[in-house]
Amino acid sequence: MVLKKIERKISWNIYLAAFIISLVIFSVGIWFGLQIEKTVSEQMNERIQAIGNKLATLSVLTLLENESEYCEYLNNELSKFWEETYELGKQIEFMEEKRGADDYIKANYMELELRDYLLNKKVKQICGDTRNLILYFVNSDECRLCRQQGEIITSVRMKTNTKVYTFDLAINSTLNRALISKYRIDSGRLPAIVINEKVYYGFMGENELISKLS
Amino acid sequence: MDLSPTRIIEYIMMFLVLFFTTTMLLIYLKNRQKVREIPKTTRFEPTVSFVIPAYNEENTILETIKSVLNSDYPKNKLEVIVVNDGSKDKTAEVVKSIKDKRVRLINKQNSGKADSLNRGIKEAKGEIIVTLDADSYIEKDSLRKMLAYFKEDVAAVTSAVKVRERENMTFLEKLQRLEYLFTIFNRRLFAMINGVYVTPGPFSAFRREIFDEVGGFDPNNIMEDQEIALRIQAANYKIESCMDAVVYTDVPKDFSSFMRQRERWHRGGFRNILKYRYTVNPKYGDFGMFVMLYSILSIVLLVVVSMAVATAVSKGNFLVLDKFLLTVEPIHILSVIVLAITLFWTVLALKEMKESRIRKRYLLIYTLLYCYLITLFMFIAIFKELKGEKQRW
């Protein structure tokens, strides 16, 4: 018997329908993902805003007469806000690690940090406490030693009564430019640590750092 | 949204996986009645020659031959040709012990399965040639069910290769059982678009004329059952697929033999796909422009998508919901969608195969882990192939 050959055809209608359906599902997936990203970013910014408002309220107390009478209250509240701010910072760091940086959130967070720093500096003046305040300047795009130095600073922070405020100079914000100008930070020599208004460049070991704090 | 070059490639690949699965679903929906249809067994009762190549199969050959002789088919239209490929055990003796004139033994020097098949085909008298592995067992009505598919333009018919169930099956065997069921269903769908790309060694039927048209099995090919199917397709002959003609086969029980088997399959498959890459051409219709094109793309596609899904799973912190939300990107949502669609497709296939008694945990493990595991083996096999590493048997 002679075998018949088949006439080949291409099922264009199936492929077109599949393409359209896939495109719709794909678009929905992308849209949904972007919505979640947007919602998470918005919530984060709201939290930053909320803490910022609380700090603003607290700072009013420092303008009152006999402001030293509020020292205990101020220190307690600042400790609470610091925990919140620090936790928020960790989440931003985590998010940056997993899905990339969100410069807008980071810029807002650094502004919050600066407000916290300034308020703590004022409270330290008024109340005369021994808390150490460190400004830590890094560049997340190009700084070989920043991560290593960050680990040392975290270790020191846990062992001493120190608050650390980190500013990422990879973000070109007004705030960063102002800080660079004020402390005359050389962006080519990062990491830079500011302790008691003095700038230290390059890697600093734990003991050296602790000695600078005292 | 991360739009780095790697991410963009991941998105493209993910879209292609979505497209492929959606196409298969649409093929199913368009041919739903036909997929389930069993052709009425006609009076087509040709003479049939079973060709069974055997190398050191003393433990299984007897049962294999008995399953054939037990077929619900006219005794005078059936013959069994066992080609003893230089076995070092008692395979020949076992075959000789069968006192049935329909069973013939051909002894030859060891030269491989494909060559043994060709020898058997040369000696065969049947109008239909059925290839059967020496460790596979057919049901009483498997042959009749396959023969019902032989319309005048059908050159070959594939069967439903299932894993032989036994007591104390290993976890790996149970997963392979699922995989084989899924493959039967997919092959049936490929038949709807004349795109069947393999005539499985365990049990396939061919019109004798096709070997005159396209030649016999390639003795230099390690996946000779796939190669001949691609050759038949390239010559524009039809291959049908029968979901009900069951053959039971044994599968690797442990990881190391499983890996060896998969390495052979994937390396052989890779060589065959390269050999027939010219069929990616509109003149080969759906076979060329969908089946072959996707076979080529799948090598890169599955690896990239698996890595994306695995990365998405590893990057997310699922234990704490608020941390999980911090990591979510669109690629993760798409990964979940792809996983969900794969799961749905597997469930649908099993429902069509009337195998809904499969435990849910095997289904989940199959979709979430096993599929990616065999993709990893594919990647390793192809890597070895490109390196020119020697094939282990």
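The disulfide of Cys71(A) and Cys127(A) is left-handed, because the torsion about its S-S bond is about -95°. The model is a predicted one. Over all chains, the structure holds two disulfides. Chain B brings an open sheet of eight strands. This briefing takes the disulfides, then the sheet.

**Disulfide Cys71(A)–Cys127(A)**

- The sulfur atoms of Cys71(A) and Cys127(A) are 1.9 Å apart.
- Cys71(A) belongs to helix 2 of chain A, residues 71-99, and Cys127(A) to helix 3 of chain A, residues 103-127.
- The bond therefore ties together parts that are 56 residues apart in sequence.
- Is Cys71(A) buried or exposed? Cys71(A) has 13% relative accessibility, so Cys71(A) counts as buried. The cut-off for buried is under 20%.
- Cys127(A) has a relative accessible area of 22%, so Cys127(A) is partly exposed.

**Disulfide Cys143(A)–Cys146(A)**

- Cys143(A) and Cys146(A) form a disulfide as well. Their sulfur atoms are 1.8 Å apart.
- This link is right-handed, with 85° about the S-S bond.
- Both Cys143(A) and Cys146(A) are buried.

**Disulfide pattern in chain A**

- Counting bonded cysteines along chain A, the pattern of its disulfides is 1-2, 3-4.

**The sheet of chain B**

- What is the strand order of the open sheet in chain B? The order is 3-2-1-4-7-6-8-5, and the pairing is mixed.
- Strand 3 (103-108) and strand 5 (136-138) of chain B are the edge strands. Each of these strands pairs on one side only.
- On average, neighbouring strands of this sheet are turned by 30° against each other, with direction ignored.

**Strands 1 and 4 of chain B**

- Strand 1 of chain B covers residues 48-54, and strand 4 of chain B covers residues 128-132.
- How many bridges join strand 1 to strand 4 of chain B? Four bridges join these strands, which run parallel.
- Ser49(B) has Ile129(B), in strand 4 of chain B, as its bridge partner.

**Helix 7 of chain B on the sheet**

- Helix 7 of chain B, residues 171-192, packs on the sheet.
- Helix 7 touches strand 6 (154-163) and strand 8 (238-249) of chain B.
- The direction of helix 7 makes about 160° with that of strand 6 of chain B.

**A buried cysteine in chain B**

- Cys242(B) has a relative accessible area of 0%, so Cys242(B) is buried.

Definitions and conventions:
Residues are numbered from 1 along each chain as its sequence is written. Chains are lettered from A and ligands numbered from 1 in the order in which they are written. This is a predicted model: local features need pLDDT of at least 70, side-chain atom pairs count only at pLDDT 80 or more; totals for chains, interfaces and linings use all residues. Side-chain values use heavy atoms; hydrogens and water are left out. Two strands pair if DSSP finds at least two bridges between them. Helices (H or I, at least four residues) and strands (E, at least two) are DSSP runs, numbered from the N terminus. Axes are lines fitted to C-alpha atoms, for helices over the stretch in contact, and angles run from 0 to 180 degrees between N-to-C directions. Contact means heavy atoms within 4.5 Å. A disulfide is a pair of cysteine sulfur atoms within 2.5 Å. Buried means under 20% relative accessible area, exposed over 50%, partly exposed in between (1.4 Å probe, protein chains only).
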